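Biologist: I'd like to learn how to read a fold like this one feature by feature. Could you take me through it?

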Amino acid sequence: MEELLLAGNDTGGRLKQKIKCAAESAAEMEDKMSKIAVVYWSGTGNTEAMANFVAEGIREGGKEADVIVVDQAQASDLKDMPVFALGCPAMGAEQLEESVMEDFVTEVEGFAAGKTIGLFGSYGWGDGQWMRDWVERMQNAGAAVLGGEEAMCNEAPDEDAEAACVDLGKKLAAV
Ligand SMILES: Cc1cc2nc3c(=O)[nH]c(=O)nc-3n(C[C@H](O)[C@H](O)[C@H](O)COP(=O)(O)O)c2cc1C
């Protein structure tokens, strides 16, 4: 209403401009709501393969998936996204990859409250401790971790792991 009254004084179409901006930001917001980012780190390709299966599930679930290597992602891009997926294999001694992923996840922890996050990743000789720790960490930050630690696998994803990743994608798309 205030806008309409102001329109009386509007010279040069300021109101039109405001409406255009509002429409653009609504479109941007809608884009962020319908697109689900899948950000991952992978040294030898196992977690990368899982990322692509998660994306397949997201698309099967009717949403768009944006698969991004963590080196090319900004944690702040996820701030406005209510739902996203993160992937990382067990590295170090049951840790996240230290040079990029660890810092990325620390940043995400700062705004994770209220988000729905899917976690996935591959491991080798361990028993999945890194994933249990990661799930707990994100839950402690206030996120809902969809599927918990279901989307993890030993080395390259087999058929079961592929199904678990696709299922995670579908669940993320359904949020
Ligand atoms: C430096 C290094 C550290 C690793 N640390 C662990 C570990 O603590 N626990 C484990 O189960 N596997 C560990 N692994 C094995 C990897 O998690 C496993 O090979 C995984 O499939 C790699 O996934 P990627 O192909 O996505 O890089 C380690 C591998 C490397 C190279």
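Biologist: Let's start with helix H6. What covers the buried residues of H6?

Modeller: This is a predicted model, so read everything below as computed. The cover over the buried residues of H6 includes S1, H3, S3, S4 and S6.

Biologist: Which residues in H6 are buried?

Modeller: The buried ones are Ala161, Ala164, Cys165, Val166, Leu168, Gly169, Lys171 and Leu172. A residue is called buried when 20 or more other C-beta atoms lie within 10 Å of its own.

Biologist: And how do I check the geometry of H6? What span does it reach from its first C-alpha to its last?

Modeller: H6 has 16 residues and spans 23 Å from first C-alpha to last, close to the 22 Å expected at 1.5 Å a residue.

Biologist: How about the overall layout? How many helices and strands does the protein chain have?

Modeller: There are 6 helices and 6 strands in the protein chain. Along the sequence, they come in the pattern α-α-β-α-β-β-α-β-α-β-β-α. Of the 175 residues, 36% count as buried. To see how the sequence folds back on itself, look at contacts between residues at least 6 apart: 77% of these join residues at least 24 apart.

Biologist: On to the core. Which residues of the largest nonpolar core touch the most other members?

Modeller: That core has 48 residues, and Val38, Val54, Ala85, Leu119 and Cys165 touch the most other members. At least two core residues come from each of S1, H3, S3, H4, S4, H5, S6 and H6.

Biologist: Take Val54 from that group. What does Val54 touch, not counting residues up to four places away in sequence?

Modeller: Its partners are Val38, Ala85, Gly118, Phe120, Cys165, Leu168 and Gly169. Two of those names, Val38 and Gly169, come up again for Ala55.

Biologist: Ala55, then. Is it buried or exposed?

Modeller: Ala55 lies in helix H3. It counts as buried because it has 23 C-beta neighbours inside 10 Å. Leaving out neighbours within four places in sequence, Ala55 is in contact with Val38, Ala65, Val67 and Gly169.

Biologist: Where is Gly62 placed?

Modeller: Gly62 is in the loop between H3 and strand S2. With 10 C-beta neighbours inside 10 Å, Gly62 counts as exposed. Gly62 and Ala173 are 111 residues apart in sequence, yet their C-alpha atoms are 6.7 Å apart in space.

Biologist: What does Met91 touch beyond four places away in sequence?

Modeller: Met91 touches Leu96, Glu97 and Glu98. Met91 lies in the loop between S3 and H4 and counts as partly exposed, with 19 C-beta neighbours inside 10 Å. The C-alpha atoms of Met91 and Ser122 are separated by 9.6 Å.

Biologist: Last, the ligand. How many residues surround it?

Modeller: There are 18, and the closest are Asn46, Thr47, Pro89, Gly124 and Gly126. The shell divides into 6 nonpolar, 10 polar and 2 charged residues.

How values were computed. Residues are numbered from 1 along each chain as its sequence is written. This is a predicted model: local features need pLDDT of at least 70, side-chain atom pairs count only at pLDDT 80 or more; totals for chains, interfaces and linings use all residues. A residue is near a molecule or strand if its C-beta atom, placed from the backbone, lies within 6 Å of it. Ala, Val, Leu, Ile, Met, Phe, Trp, Tyr, Cys and Pro count as nonpolar, Asp, Glu, Lys and Arg as charged, and the others, Gly among them, as polar. A nonpolar core is a set of buried Ala, Val, Leu, Ile, Met, Phe, Trp, Tyr and Cys residues joined through C-beta atoms within 7 Å. A residue is buried if 20 or more other C-beta atoms lie within 10 Å of its own, exposed if 12 or fewer, and partly exposed in between; C-beta atoms are placed from the backbone. Helices (H or I, at least four residues) and strands (E, at least two) are DSSP runs, numbered from the N terminus. Two residues are in contact if their C-beta atoms, placed from the backbone, lie within 7 Å. The expected span of a helix is 1.5 Å times one less than its number of residues.
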